[in-house]
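This report looks at aromatic side chains. Please have the model open while you read.

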Amino acid sequence: NIIKLPDPQLNYISIAMCPNDYYVPFTYVSMISILSSKEEFTFISFYLVISEEFKKNNIDFLSSLYEQFDYFNITFVKIDNRYKDAFLSRRMTVQTYYRFSLGELFPFLNRILYLDSDIIVYKDLNKLYNLNFNGKIVLGQVTGYNRSKKTGIFHINNGILLFNLNLLRKMKIEERVLQIIKRKQKLRYHDQTLMNNYFKENIGIFPLEYHVRNWGTINEMKKWNKLAGNIYDNDYFYFAQKYPSIRHFLGKEKPIKSEKNHIEDWWFFARKSKYYVKKSSYFEKIFSYKK
């Protein structure tokens, strides 16, 4: 617990992830990809927001990354049950709502990069982390359009977000979200409904390469881009697909259960673990780590 002043030679990046026990293997591989892809002078601070029930052996497993990498640290932050009344359905978990509390959980930070557990990172994240907010609370990537089909009405995907924590606190976003949740209304797309419907005027956009989906054709992307008001240059879709910075494995087809759509990229990073055993469809057989 020795307090050190920041090294002026290093680029510091704060990353928040909110895994549950089921998503530990994905979180682990995501972290490996981030640490493998960062530049020499980038220092990563991982803040893993977990529930009180999160298993200790999973904390130990994620902490085993210290055995392989340097210039990073991991802080586990337990959160109470403030989101116990949040609307859940299908595959959604209460952890999806934790991102709205990042401002309150980390009062010492001005910004933080939120990442879902089912992503892999190909490049250093310094450029993304230091983007200008231009007065917005959050930056994300347009990954669809409003069901009303009105041109210029878009929504962002909550899987990869850059938060302006100063504004998040100033506008009391956590308090506003908890008030909405207390009404117990059904939120069709859960945390994304909250983000896109209630905070739309405070949302900014970042480049396509920082959130590339593992599914969907270029023509489909061009279609929603047109409906969203041509926010992106259509030619840029090809560049982003070929040279992504972050890939997101959206939907129920997670890497371990699939054999298509850039899955080998995920396994490329999984094999970097010193505890990698063999390619397997069963979580418990992927890594040999034992406490």
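At 0% relative accessibility, Phe 46 is classed as buried. Phe 72 has 6%, so Phe 72 is buried too. Buried means under 20% relative accessible area, exposed means over 50%, and partly exposed is in between (1.4 Å probe, protein chains only). This is a predicted model: local features need pLDDT of at least 70, side-chain atom pairs count only at pLDDT 80 or more, and totals for chains, interfaces and linings use all residues. Residues are numbered from 1 along each chain as its sequence is written, and side-chain values use heavy atoms, with hydrogens and water left out.

Now the ring pairs. Rings of Phe, Tyr and Trp (its six-membered ring) pair if their centres lie within 6.5 Å. Planes under 30 degrees apart count as stacked, over 60 as edge-to-face and the rest as tilted. The count by this rule is 17 aromatic pairs. Two of them are tabulated here.

| Pair | Centre distance | Plane angle | Class |
|---|---|---|---|
| Phe 46 and Phe 72 | 6.3 Å | 75° | edge-to-face |
| Tyr 66 and Phe 72 | 4.8 Å | 20° | stacked |

Phe 46 sits in strand β2 (residues 42–50) and Phe 72 in strand β3 (residues 72–78), so their pair ties together parts 26 residues apart in sequence. Strands here are DSSP runs (E, at least two residues), numbered from the N terminus. Tyr 66 is partly exposed, at 41% relative accessible area.

One aromatic cluster is formed by Tyr 22, Tyr 23, Phe 26, Trp 266 and Trp 267.

Technical notes
Helices (H or I, at least four residues) and strands (E, at least two) are DSSP runs, numbered from the N terminus.
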